[in-house]
Amino acid sequence: MRQFPAFFNLEGARIVVFGGGEEAARKLRLFTGSGAEVVLVGGFDDLALAAEFTRGVKTLSREEIPAALEGARLVIIAEENQGHRAAALAAVRARGVPVNVVDQPEDCDFTVPSILDRGEIVAAIGSGGAAPVLAKSIRAKLEALLPQRIGDLAELARSLRGFVAEAIPDKTARRRYWERAFAGPAAEAAYAGDLERAEALLRQQARVTGRACGVVHIVGAGPGDPELLTLKALRLIQEADVVYYDRLVSPQIISLIRRDASRIPVGKSKGDHSVPQTEIHARLVASAQEGLRVVRLKGGDPFIFGRGGEELEAVRAEGIEVHVVPGISSALGCAAAAGVPLTHRDHAQTLTFVTGHAKEGGVPDLDWPALARPAQTVVVFMGVDTAPVIAEKLVAAGRAPETPVAIIENGTRAEELRVFGTLAELPFLVEEEGIRGPALLIIGEVAGLPAEQGRIASILTEASGYAWFGAGARQQVLKETAA
């Protein structure tokens with residue numbers, strides 16, 4: 001960080017602006033109405049600008065520079081004339097007052113950021129003078145995100161600080177109170193302009209004795225790329241007191257969790273269920289009963305092979321408030337990133353999601369004839385270990401061995417691996433590339449549309465005259481191709 005951002009208290013401070021053109025007017029507009037004593041050294045020739053600043057701005061001539069700088073806290077020099085600019089800078093330097101010289105970064109003690117002003121809430125975006133247009137673009141994005149009346153809420157909170165401190169002496173409990181207040185019905189009332197109701201709700205919440213029960217949010221984290229999080233998911237993990245997360249949630253997303261929140265891994269992997277599902281249910285309930293805001297963070301979408309439904313039922317059964325936030329399913333996110341359209345008017349009019357792993361282990365009892373029908377895409381979750389049996393059953397049920405297949409491991413992440421081939425080759429593709437998961441199997445004509453082809457897929461596609469490969473045939477093809 002080359003520049004340190006700081007907020008100056010302007011109430012009663014003397015701010016001096018040098019100049020007499022449009023640039024000086026822009027700087028003056030930053031300070032009028034701020035509670036500061038604003039002094040303009042110079043003056044406007046433009047009658048419209050002069051009229052704009054007849055109130056709230058004291059104008060002095062350039063001969064009165066010493067008087068203007070007396071007790072000044074900040075100075076901005078917006079002089080177009082080089083001689084006037086140099087004289088002003090010399091006078092300011094002699095008094096050691098922090099100064100900004102417009103369009104002269106080498107002479108600046110500070111830069112003027114792009115400012116988002118919501119009354120009590122002020123955000124400043126700076127680029128150190130390197131890219132002011134970019135800073136303005138970022139401010140515009142923040143403008144769209146922040147409610148217009150968020151400053152009113154902050155002002156209301158200021159007026160109630162003493163009351164809340166008396167009602168809730170414990171600092172930790174008080175922090176939780178404010179966190180809930182700024183994300184609850186009182187905040188919504190303030191944003192809607194009903195400050196009277198917002199104040200009543202805030203006072204009522206503060207008077208409630210005992211610790212209120214918490215809330216559980218079951219949140220989908222998407223396939224791994226943090227930019228694929230929904231805005232609501234991001235907000236919740238940054239507001240949570242405790243986050244229980246799965247193994248499939250990427251480290252980049254974990255890093256977005258609030259720093260002082262508890263981060264508890266409860267994920268499962270093959271042969272390792274260190275935290276049984278019933279124990280996860282119990283932990284979610286216990287944390288909420290402690291009054292905490294709980295997030296259960298799950299890879300992909302929590303309701304697509306994510307046991308989110310089981311967790312919802314378990315928490316709701318205890319009478320605890322629970323909400324579900326959808327995420328981009330790994331099937332959708334990974335396929336899109338790989339350029340595989342799961343449906344296509346020419347190739348697939350049906351899309352089916354299945355699990356490749358039964359509840360008690362092994363291959364699930366699926367409707368294989370239905371899955372073998374043409375003109376459909378079958379996406380298999382958790383199918384790496386059972387890929388050979390899945391391929392065998394689909395071919396036996398009538399799906400063509402040459403049906404295209406895509407395997408996507410760690411989709412949307414930096415370590416993503418994509419392998420393309422055919423249904424007949426599926427077991428060998430998994431073995432050759434050492435795929436361990438998390439991975440998706442996409443079976444259907446759409447998997448053959450991307451131009452990208454994996455190395456193994458290319459080798460086997462060039463071999464001809466096969467209908468179904470066993471392990472021995474697989475090795476023979478590789479030997480013949482290499483020869």
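Reply: Let's begin with helix H13, whose face turned away from its buried side carries the exposed residues Glu313, Arg316 and Ala317. This is a predicted model, in which local features need pLDDT of at least 70 and side-chain atom pairs count only at pLDDT 80 or more, while totals for chains, interfaces and linings use all residues. Residues are numbered from 1 along each chain as its sequence is written, and side-chain values use heavy atoms, with hydrogens and water left out.

H13 spans residues 308–317, and its buried residues are Gly308, Glu311, Leu312, Ala314 and Val315. These buried residues fall within an arc of 170° seen down the axis of H13, so they line one face of the helix. (Buried is under 20% relative accessible area, exposed over 50%, partly exposed in between, with a 1.4 Å probe and protein chains only; the arc uses directions from the helix axis to the C-beta atoms; helices, H or I of at least four residues, and strands, E of at least two, are DSSP runs numbered from the N terminus.)

What lies over that buried side? The cover includes strand S8 (215–220), helix H12 (277–289), strand S11 (293–298) and strand S12 (321–325), with contact meaning heavy atoms within 4.5 Å. Just after H13, Gly319 adopts a positive phi of about 75°.

Now for the aromatic rings, of which the structure holds 5 pairs. (Rings of Phe, Tyr and Trp, the last by its six-membered ring, pair if their centres lie within 6.5 Å; planes under 30 degrees apart are stacked, over 60 edge-to-face, the rest tilted.) Among them, Tyr177 and Trp178 are edge-to-face, at 5.0 Å centre to centre and 70° between the planes. Tyr177 is buried at 6% relative accessibility, and Trp178 is buried too, at 14%. Another pair is Phe353 with Phe381: their ring centres are 5.7 Å apart and their planes at 75°, so this pair is edge-to-face. It links distant parts of the chain, with Phe353 in strand S13 (residues 350–355) and Phe381 in strand S14, 28 residues apart. Phe353 is partly exposed, with a relative accessible area of 29%, whereas Phe381 is buried at 8%. Ring pairs also join Tyr177, Trp178 and Phe182 into a cluster.
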